[in-house]
Amino acid sequence: MTTTPDETTAHSRIAERAGLTPEQLEAFGGELDAIRRRILADLGEEDAAYIRGVVRAQRRFEVAGRALFYLPPAWPLAVASLSISKILDNMEIGHNVLHGQYDWMGDPGLNSRMFDWDNVCPGEQWKYSHNYIHHTFTNIVGKDRDVGYGILRMDPAQKWHPYYLGNPVYALALMLLFEWGVALHDLEVENIVAGRRSLADNKPLYPGLLRKIRRQAVKDYLLFPALTGPLAPLTLAGNATANLVRNVWAFNIIFCGHFPAGVASFSVEETEEETRGQWYLRQLLGSANISGGPLLHLMSGNLSHQIEHHLFPDLPARRYPEVAAEVREICERYGLAYNTGPLHRQLLSVAKKICRYALPGPVRRRPDPVPTAGADPVAA
Amino acid sequence: MSLLAPHLTRGRDPLGRVLRSRLLAALAAPHGVDRYLEQVNPMWAAHEVRARVLDVTRETRPDAVGPPVATLTLQPTATWRGHRAGQHVLVGVDLPGSARRLTRAFSISSAASAPGERITLTVRAHPEGQVSRHLVEDARPGDVLHLGQAQGSFCLEESPATPTNNHLVFLTGGSGITPAMSMLRTLLRDGYDGHAGRRVTFLHYARSEADQIFAAELDEIASGDNGVAVHLRHGDARFSELELRRLVPRFVEADTWLCGPAGLVELVTDAYRGSPRLRTEFFKPAVARAAGGAEERVAGTVSFTRSGVAAPATAASLLEQAEAAGLRPESGCRMGICLSCTSTKAAGTVRNILTGEESSLPDEQIRICVNRPVGDCHVDL
């Protein structure tokens with residue numbers, strides 16, 4: 001896409017906030033496009049072998065977890081194994097396959113249109129709210145429903161209400177019940193309360209949602225426990241614990257993606273008629289990474305590279321660490337912030353935000369200046 | 001392997017019954033039983049069909065004019081439901097080097113099979129065809145292919161067990177011989193009796209003697225006492241109505257199976273003057289167009305955004321409309337199975353030609369071969 005003169009005013013608002021001229025913005029977008037094209041052309045056997053290897057590992061952890069429930073002393077091991085299985089399934093496999101990152105392989109088992117994951121949210125419904133709404137309108141307050149998930153106040157641009165005094169409690173509940181929160185997210189309850197959506201709009205979603213919930217519940221809370229006979233209560237508790245572990249882990253990783261201090265949010269007006277370069281810029285400024293080792297990257301489904309994921313949502317996630325160095329270098333050259341930090345620091349920052357915005361204010365008359373490199377302590 | 005031995009019919013297959021049970025499906029949800037079995041052995045399956053290559057034999061001679069042809073003998077998984085003579089099957093190949101699975105349709109050349117039975121595919125290595133070239137030139141015994149179930153209605157409907165006196169005519173050209181060969185082999189295997197007064201005429205056109213597929217077997221059939229008349233034409237010989245009339249005087253009333261290149265199909269179709277006795281198989285399946293109801297009117301404009309081309313929308317698939325607009329998008333099976341034509345629809349509503357399902361999601365991945373526009377539509381091509 002190119003910028004035509006009469007569009008320039010609207011286009012450069014975010015760029016101005018970030019201190020980029022329209023020319024710089026276009027060059028910035030071009031550099032990211034080049035990375036994308038290069039990786040796309042290079043996709044091949046290594047990527048296929050990697051994802052198949054992760055799937056193999058996930059299946060083994062799952063079978064091992066289910067089997068170990070027959071040995072009562074191995075209960076913690078069974079729970080750990082099943083938790084790892086569910087985390088791998090939802091994050092490195094499910095999230096990324098549902099993004100269509102492996103559609104190019106032509107393997108129906110790894111195709112975004114056929115895959116479903118091991119949690120109560122139907123992949124089909126999640127793809128709409130996530131791939132479309134969240135990834136297109138990232139951090140646009142009022143459009144991206146992942147800003148607070150319709151439950152929390154995570155941004156000063158969200159108008160305060162006494163309801164938000166419960167922010168920390170809601171966040172805790174959402175963490176424990178995360179898969180249910182994700183499943184119900186598509187029903188847009190907050191929009192129904194606000195009168196922007198009618199109950200009838202949700203009708204087509206119910207059958208798929210109920211089918212998926214029933215399947216997951218029958219498997220984890222009825223059949224597998226029943227198959228262990230007298231150990232059924234232990235197995236049921238184990239399965240529930242594994243789901244809980246996955247919920248807590250996924251919530252924490254995902255909240256570190258867009259809510260740490262220094263992550264920018266945007267208004268509907270300033271993001272109208274965006275160019276490719278501006279979209280890239282918004283994705284960069286609206287996301288934050290978690291620094292860590294290969295194990296963290298694997299278990300987070302490479303959402304530890306949330307920035308790279310938002311710039312290139314359909315590239316296989318295993319490529320994010322590889323392009324991260326380049327993205328960082330580009331950011332440095334353009335004087336843009338690259339928000340990253342270790343898990344504990346990002347989590348602390350998110351927790352502070354959850355508590356801060358439970359209370360009214362701060363009143364924001366005009367958009368904050370976008371953080372630039374060196375201007376923010378979190379930006380490394 | 002032995003636990004899942006083929007040759008068991010579905011009804012008597014206790015392991016298959018367990019693998020396809022509701023209990024196992026519930027335990028393996030949401031991925032499905034096959035996603036676990038494949039981790040142990042690619043030839044274990046509850047629903048999907050895969051096949052191991054047992055043998056690859058070259059059919060054409062090295063001095064052939066056209067591209068080489070080979071016959072692959074396949075051992076399918078116990079999930080193979082068998083095929084009727086004349087049917088084809090979708091074959092998915094994981095192409096080495098690219099990690100991409102491509103799926104194409106191939107006619108089955110062996111006689112009608114029972115569930116789990118071996119089959120043969122006879123494939124011409126088209127210069128442009130990655131899958132056919134791989135199967136003919138690179139496939140080795142032990143390789144595993146991804147199969148669908150047999151499909152297609154270009155079949156021998158008559159049961160050899162209840163023979164009639166109908167004269168059967170097979171008209172084929174080039175690799176179009178494969179489905180006809182399956183029918184002929186079925187007739188001969190299942191006790192076809194030429195002495196009952198029934199005749200079979202097998203007329204085939206090949207580019208040269210060296211290009212003749214199944215040459216030795218056809219030679220044997222021709223010399224056998226079976227009522228089958230085999231006529232092979234090589235070189236510049238073209239189909240002529242006169243010649244067919246000489247071989248089969250009342251051919252318009254004879255049950256006829258026609259399969260071959262477009263030129264042959266056109267000449268024969270003209271000669272039969274709309275006779276319902278003529279059954280034709282095209283090399284390129286016409287599924288998408290036939291099921292779509294081409295007469296339905298469509299309003300709006302299709303814009304191919306990347307190339308900046310726009311055209312009035314029609315009831316044809318987006319792939320066909322893109323090609324009509326002069327674009328050459330990547331495509332494969334053109335039946336909605338292989339996913340190679342998946343493109344991004346930026347905006348607009350499309351209807352799936354196969355299911356009738358409509359979808360209006362922006363930035364949606366669609367298989368353009370089986371989707372057609374409903375009103376305005378923007379495709380990233």
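**Before selecting anything**

This is a predicted model, in which local features need pLDDT of at least 70 and side-chain atom pairs count only at pLDDT 80 or more, while totals for chains, interfaces and linings use all residues. Residues are numbered from 1 along each chain as its sequence is written, and chains are lettered from A and ligands numbered from 1 in the order in which they are written. The model scores ipTM 0.90 and pTM 0.83.

**Chain A as a whole**

Select chain A. It contains 16 helices and two strands; helices (H or I, at least four residues) and strands (E, at least two) are DSSP runs, numbered from the N terminus. Along its principal axes, the C-alpha trace of chain A spans about 70 × 55 × 40 Å. The radius of gyration of chain A is 21 Å, in agreement with the value near 21 Å for a compact globule of 380 residues; this radius is taken over C-alpha atoms, and the globule rule is 2.2 Å times the number of residues to the power 0.38.

Of the 380 residues of chain A, 45% count as buried. A residue is buried if 20 or more other C-beta atoms lie within 10 Å of its own, exposed if 12 or fewer, and partly exposed in between, with C-beta atoms placed from the backbone. Among the contacts in chain A with a separation of 6 or more, 71% join residues 24 or more positions apart; two residues are in contact if their C-beta atoms, placed from the backbone, lie within 7 Å.

**Helix H16 of chain A**

Next, select residues 343–356 of chain A, which form helix H16. This helix has 14 residues and reaches 20 Å from its first C-alpha to its last, close to the 20 Å expected at 1.5 Å a residue; the expected span is 1.5 Å times one less than the number of residues. Which residues of H16(A) are buried? They are A:Gln346, A:Ser349, A:Val350, A:Lys353 and A:Ile354. These lie on the same side of H16(A) because they cover an arc of only 140° around the axis, the arc being that of the directions from the helix axis to the C-beta atoms.

Display helix H6 (167–176), helix H11 (232–258), strand E1 (289–291) and strand E2 (340–342) of chain A as well, since the buried residues of H16(A) pack against these elements. The face turned away from the buried side carries the exposed residues A:His344 and A:Cys355.

Centre on A:Tyr149, in the loop between H5 and H6 of chain A. A:Tyr149 has a positive phi of about 55° although it is not a glycine. Most residues other than glycine have a negative phi, and most peptide bonds are trans. With 20 C-beta neighbours inside 10 Å, A:Tyr149 counts as buried.

Then move to A:Leu199 in helix H9 (residues 199–202) of chain A. A:Leu199 is exposed, with 9 other C-beta atoms within 10 Å. A distance of 40 Å separates its C-alpha atom from that of A:Leu296, 97 residues apart along the chain.

**The A–B interface**

Show both chains. Here 26 residues of chain A are in contact with 22 residues of chain B. Helix H3 (45–68), helix H5 (123–136) and helix H10 (206–227) of chain A each supply at least two residues of the side that touches chain B. The residues on that side of chain A divide into nine nonpolar, seven polar and ten charged. Ala, Val, Leu, Ile, Met, Phe, Trp, Tyr, Cys and Pro count as nonpolar, Asp, Glu, Lys and Arg as charged, and the others, Gly among them, as polar.

**Chain B**

Chain B averages 86, and 87% of the residues score at least 70. Among its elements, helix H9 (residues 287–292) has the lowest mean pLDDT (31) and strand E2 (residues 69–76) the highest (98).

Now select helix H8 (residues 262–272) of chain B, where B:Val265, B:Val268 and B:Ala271 are buried. They cover an arc of only 130° around the axis, which puts them on the same side of H8(B). On the other side, B:Ala262, B:Gly263, B:Glu266 and B:Asp270 are exposed. Just after H8(B), B:Arg273 takes a positive phi of about 45°.

Finish at B:Pro30, in the loop between helix H2 (22–28) and helix H3 (34–40) of chain B. A cis peptide bond joins B:Ala29 and B:Pro30, with omega about 0°.

Terms used: pLDDT = per-residue confidence, 0-100.
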